[in-house]
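Here is a brief report on one protein chain.

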Amino acid sequence: MMECWVRLGDGQEWKLPTAVGWTFRYGTDTPCDSFSLRCLWDKGQEKLLSGACRFFAEWDGERVFTGVVDEFAVVCGGDGLRLELEGRGMAALLLDNEAMPAEYQRCTRADLIANHVAPYGVEALGGGGLSPVSGFTVGSGESEWSVVRRFARYYGGVTPRFDRQGRLVLDPYGDRLAAQIGGKDRITGWEYREDRHGVLSRVAVRRRTTWGTQWVSDPAFLAQGGCARRVITVPNTTGTTAMRYTADYQLRAARRERVRLRLTVAGGFLAWPGELVDVELEGFGANGRYRAAQVEVNCGADGLSTTLALGEPDAMI
């Protein structure tokens, strides 16, 4: 059973009436998670949610969404009076706020949280493995989310994301196997797609004015005839390890959407972004292990279903 409630600007919490339909979208990057909800409603309460700023949802007692209310409408039509509510995940608070330009001699995880996360009431988890970044610069017009994402992903190799309790997570994804989808499941639609455009076969990282170049290649893509090279120039002070990491980052980021298997399966909340999913469908030529990149859960006239967008397990999601 789905239960939802909102928090008003004055701190009060109000449980929403019975939900008759919903869509929850979860991902691993921009755009952030989002939701839309339809509830039964009573006439005369049209302004009740004017101060609603936070949204919470639980499915069978488990939290499945924490986010920001963007819009609500009370609609009267052929199917009666209903409330329609829409919003985004807690990443919206960092996306909507512009960062103050800054130049850090040495930016640590503590600096990042104190200056770019905590001021918006966002709790952060993990990140103990993120190393300090020397010469870290925050540009004019950059969002707080861009600052966090660049620090964690580019310099630390960690994809920042929000959990279902609305907390910022700065640890790497684990390898939890969330679901095994096969003959027992009711598949209502699927699509398998591969996109070679933008995938890199080789990356060279060179120092700006001195000799020294690091090459990193993708052997699998080269064996498939891939031919797309990038040359990246870095400051002279960049170490050899950092140069190789920069090249490896570019390769993995370019492969992010090389493979996409999209499955729509009856049932709700079958997996979360970042989790592993085994696919074993009869007569299907691309069975194997994938990692969930996006998840969408729908409840409507056709019942409850989950759509999984799956990618390669080792690609940067």
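Helices here are DSSP runs of type H or I with at least four residues, numbered from the N terminus. The model is predicted.

## Overall chain

The protein chain holds 5 helices and 21 strands. Its C-alpha trace spans about 75 × 55 × 30 Å along the principal axes. Of its 317 residues, 46% count as buried. Take the contacts between residues at least 6 apart in sequence: 65% of them join residues at least 24 apart.

## Surface and charge

Side chains number 38 positive and 40 negative. The centres of these two sets lie 7 Å apart.

## Helix H3

Helix H3 covers residues 144-155. Its 12 residues should span 16 Å at 1.5 Å a residue, and the end C-alpha atoms are 16 Å apart, so expectation and model agree.

Which residues of H3 are buried? They are Glu144, Trp145, Val147, Val148, Phe151, Ala152 and Arg153. An α-helix has 3.6 residues a turn, so residues three or four places apart point the same way. After H3 comes Gly157, with a positive phi near 70°.

S9 and S12 (residues 168-169) run parallel, joined by 2 bridges. Leu125 stands opposite Val169 in S12. Strands of a sheet pair through backbone hydrogen bonds, either parallel or antiparallel.

Notes: Residues numbered from 1 in each chain as written. Predicted model: local features only at pLDDT ≥ 70, side-chain atom pairs only at ≥ 80, totals over all residues. Heavy atoms only, no water. Buried < 20%, exposed > 50% of the residue type's maximum accessible area, 1.4 Å probe, protein only. Contact = heavy atoms within 4.5 Å. Lys, Arg positive; Asp, Glu negative; His and termini not counted. Charge placed at Lys NZ, Arg CZ, Asp CG, Glu CD. Expected span 1.5 Å × (residues − 1). Pairing = 2+ DSSP bridges.
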